[in-house]
Amino acid sequence: MSAGKPIAEAGPARSLAAGHIVFMIVAAAAPLSAMVGTVPLAFAIGTAEGVPAAFVFAGSTLLCFAVGYAVSARRTGGSGGFYASVADGLGRPAAVGSGWTAVLSYNCATVGLVGALGYFTSLVLANHGLHVSWEWCCAIGLVLVAALGYRHIAISARVLAVLMIAEIGILAALDVAVLIRHGVHALPLSSFSWQAATGPGLGVSLMFAFVSFIGFESAALYGKETKDPGRSVPRATYIAAALISGFYALTSWETVGAIGTDRVREQAGQQLGDLFFGLSDDYLGPTGSTVLQIMLCTSLFAATLALHSAANRYAQVMAEDGLLPRFLGRLHPVYGSPHLAGIAQVAVCAVTVAGFAAAGLDPYAHLTTSMLGLGTLGIVVLQALAALSAVALRRKGVRSGVWRGTVVPLLGLAGLVTTVVLVVGNFDVLTGATSGIVAQLPWLIPLVAASGVLWAWRLRTSAPERYRRLATTHVAPGAELDATAPRTPAPVTEPA
């Protein structure tokens, strides 16, 4: 890999506003998919009626994380994601480890969503008399993702906006129908009682709640394509976190009210993935149920496209610094998109899906659960590191206030560390595997991170100039990135 300058021919067009980024973040979280896929499991083996409280806790924790993340985003120009954020607070070696972990995590999560897209699309089509194998559904979905990812980012943002409005619209219609039928009884206060919120299965509920927010921090990957990244990126992160957590909490709360606090665990355990389809059939009629099935497929497609875009930009950022093959950092001369990184990402998905298909493995029980589980774990670990990095900025002279610069990020860090412990401890629940290779997948996260740190240390001695250039395009001018070097930075006052 050459140590020369990045080989991008054209800079990305700054066409995104905060609203576009919000749609991309919400798309990555896939609200409908989370409701259908994870909430019934949380009801069945988690805290049952206390699940809405778990979503409130997860949303509050991630809002605390977003406060510190926003401080770093303003200093990094709102680009570079976890790589830039960790570099800003913890130095280059930790940043390289985080960047490689991000590439692994986002690619695994995207592969997992491709498997879910193929699996559920095949099922929905079969329910309506069209029999298409899940492999072909994956292939068609990947072709569409590749085509949109290759083009200008604004096109993907518009497509995601339409899909998100439709997806949230059908769930909002279900919420309204439940309210109309049950009135105030659709919102049982017992869901937020201490006994319900902290009852048996708390760890599982919190794990599924945090899993449902996957990718919400990806706003900081689009700074170079945003009109006003210093304002739009933090604003989009705050809005998305509040919107996702409020929506999850309200919909799961009304579901408890519709089924009954004393019956929700039993009903969810019996129906699992069919729970919300049964509710939509009851409250919205057969047409509403059909629309919900279609929206589930579009929700998974939107999430796949959003995470595909995020994975591409991590590969581009790392390639620009010579930490991945340089050609991945090339931008399209017309669209300004990381088109070669996108092609590589689609190829990774296609090869992985083909491997699982050739082995005769189930696309959901094996492919989706293992890949999405690993990707989720890696992203939560990165969120925790970014929260720690935000706290570390104070020792560099960044005046962001004790509350905003220390207390709130520490609260977010505590919640995220707890989540990491929960996900690792319940990885078998998340993936459905208690032994074998899948059960050992979490070890890939520290292995890849440690490899990145060791690679950075190697560069520091063998190629010091190249080492000093790492992450310099994503941090405030003059900021010291080396955690081991003497620090004499000028104080930087953060805007309110």
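Tutor: Accessible areas here come from the Shrake-Rupley method with a 1.4 Å probe, and for residues only the protein chains shown count as cover. The protein chain exposes about 18500 Å², with carbon and sulfur atoms supplying 68% of that. Keep in mind that this is a predicted model: local features need pLDDT of at least 70, side-chain atom pairs count only at pLDDT 80 or more, and totals for chains, interfaces and linings use all residues. Residues are numbered from 1 along each chain as its sequence is written, and side-chain values use heavy atoms, leaving out hydrogens and water.

Student: How many helices and strands does the protein chain have?

Tutor: Helices (H or I, at least four residues) and strands (E, at least two) are DSSP runs, numbered from the N terminus. This chain has 19 helices and two strands.

Student: Is serine 280 buried or exposed?

Tutor: Buried means under 20% relative accessible area, exposed over 50%, and partly exposed in between (1.4 Å probe, protein chains only). Serine 280 has 1%, so it counts as buried. It sits in helix α13 (residues 275–320). Of the chain's 496 residues, 59% are buried.

Student: Which residues is serine 280 in contact with, leaving aside neighbours within four places in sequence?

Tutor: Contact means heavy atoms within 4.5 Å. Serine 280 touches Leu174, Gly285, Gly288, Ser289 and Leu292 in that sense. Across the chain, 84% of contacts with a separation of 6 or more link residues 24 or more positions apart.

Student: And leucine 144: what is its relative accessible area?

Tutor: It's 45%, so leucine 144 is partly exposed. That residue lies in helix α7 (residues 134–150).
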